[in-house]
Amino acid sequence: MHFETKAIHAGIDVENPNADVVPPIHRSTVFEHREGGYQEGDMNYTRAVNPNRLRLEHLLAQLEEGEACATFASGVAAATAVFQALEPGDHVIMPADVYAGNSKLLNEILIPWGLDVDYIPMDDLEVIEDTIQDSTKLIWIETPSNPMLNITDIAAVSELAHEYSAITCVDNTWPSPVNQLPLKLGADLVLHSTTKYFGGHSDILGGAVIAPAADGIMERIRNIQITMGAVPSPEDCWLLSRSIRTLPYRMRGHNENAAKLASFLDNHSNVKKVFYPGLETHPGHEIAQKQMSGFGGMISFLVNGGREETLKVTGGSRIITQATSLGGVESTWEQRRSSEGPDSDTPENLIRISVGLEHPDDLLEDLEQALKQI
């Protein structure tokens, strides 16, 4: 071979004779066909399949006790695939208190595309049943909800949906499968923004949909994943698989720290109300106890005052960072209304905090001095 050919081909076929303890990153966008040419099920092009994505999807399906998983480049891309697996004219029931990115997706793109959507309180089964139409195909569940931490009875809503030949999709981003397993409660799909607790370090963007089987709507979701191509990179799949190895231990820390901070806030004179399902005073506490093994690392609370006082509190922290995302090892908080836009119904005096893994005494001290700003 000439030098130019060696530079391209030499060493490609050298393999590690010993198995890797940590799998490598497979950056190749194409895979060599076998002697008989491409056959169905072979790896061909990385938009369709990649070894790192296969490992991640198998891992996520196992953690959610499902059988099939499709991963995406973001949580919103995963949600888009679920909605586009429906047909124009289908009716969707959404929580009134739902992640603002999903309501924006529906209102600006998918309702004009043809979906019919109702936003309702998801803690009232009678309201849900009254909203169901002949064309209802999907009931979306977000529990605890974002940002008010309302609790929805997954088993009861799923049973109701099935009576009317609809399916349920549960956004399980906040609890993670460490704290909640929706498929075991009767849900048909589980969705994640893997950016959050699965990633855990605020440095990966991703999403996933998990189902108990690969057929039905999951087959359509998989087709959308491959055909539309909003797939995660091999590097992000590798990073997520790496991060998930510590997920159980990180979530225990998030649960423990959040419980301590929620109790502290619930007894603070400058706090008007705390929304955290681990508190016995939370209206959804009994349902949360039934379907969750831990209450998660997210808290929302109302301070005494309005927007100005709220921003003084979030701006007065020394450890807790003002930021809009969640699920990282570092604690973050924000005056949530400013992140949701002008159409938001979130109170001006609501702070949403993602409780991290710092020492709880340091977090409590930071909360105390920040709340003194009002």
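Biologist: How do the residues lining the second largest pocket divide into nonpolar, polar and charged?

Modeller: There are 5 nonpolar, 3 polar and 5 charged residues in that lining. Ala, Val, Leu, Ile, Met, Phe, Trp, Tyr, Cys and Pro count as nonpolar, Asp, Glu, Lys and Arg as charged, and the others, Gly among them, as polar. This is a predicted model, where local features need pLDDT of at least 70 and side-chain atom pairs pLDDT 80 or more, while totals for chains, interfaces and linings use all residues. Residues are numbered from 1 along each chain as its sequence is written, and side-chain values use heavy atoms, without hydrogens or water.

Biologist: Which of the lining residues lie nearest the centre of that pocket?

Modeller: Ile-12, Asp-13, Val-14, Glu-15 and His-26, out of 13 lining residues. On a 1 Å grid, a pocket is an open set of points with protein on both sides within 12 Å along at least five of seven lines, and lining residues have an atom within 4 Å of a point.

Biologist: Changing topic: in what order do the strands of the sheet run?

Modeller: The order is E1-E7-E6-E5-E4-E2-E3, an open sheet of 7 strands with mixed pairing. Its edges are E1 (68-72) and E3 (116-120), each of which pairs on one side only. Strands (at least two residues) and helices (at least four) are DSSP runs, and two strands pair if DSSP finds at least two bridges between them.

Biologist: What about E1 and E7: parallel or antiparallel?

Modeller: Antiparallel, with 5 bridges joining E1 to E7 (residues 207-211).

Biologist: Why is E2 largely enclosed by the rest of the structure?

Modeller: Because 5 of the 5 residues of E2 are buried, meaning under 20% relative accessible area with a 1.4 Å probe.

Biologist: Which way do the E2 residues point?

Modeller: His-91, Ile-93 and Pro-95 point one way from E2, and Val-92 and Met-94 point the other way. Both groups are buried.

Biologist: Now helix H9. Which of its residues are buried?

Modeller: H9 spans residues 234-244, and the buried ones are Pro-234, Cys-237, Leu-240, Ser-241, Ser-243 and Ile-244.

Biologist: What covers the buried residues of H9?

Modeller: The cover includes helix H2 (51-63) and helix H10 (247-266). Contact here means heavy atoms within 4.5 Å.

Conventions. On a 1 Å grid over the protein atoms alone, a cavity is a set of points where a 1.4 Å probe fits but cannot get out, and a pocket is an open set with protein on both sides within 12 Å along at least five of seven lines; lining residues have an atom within 4 Å of a point. Buried means under 20% relative accessible area, exposed over 50%, partly exposed in between (1.4 Å probe, protein chains only).
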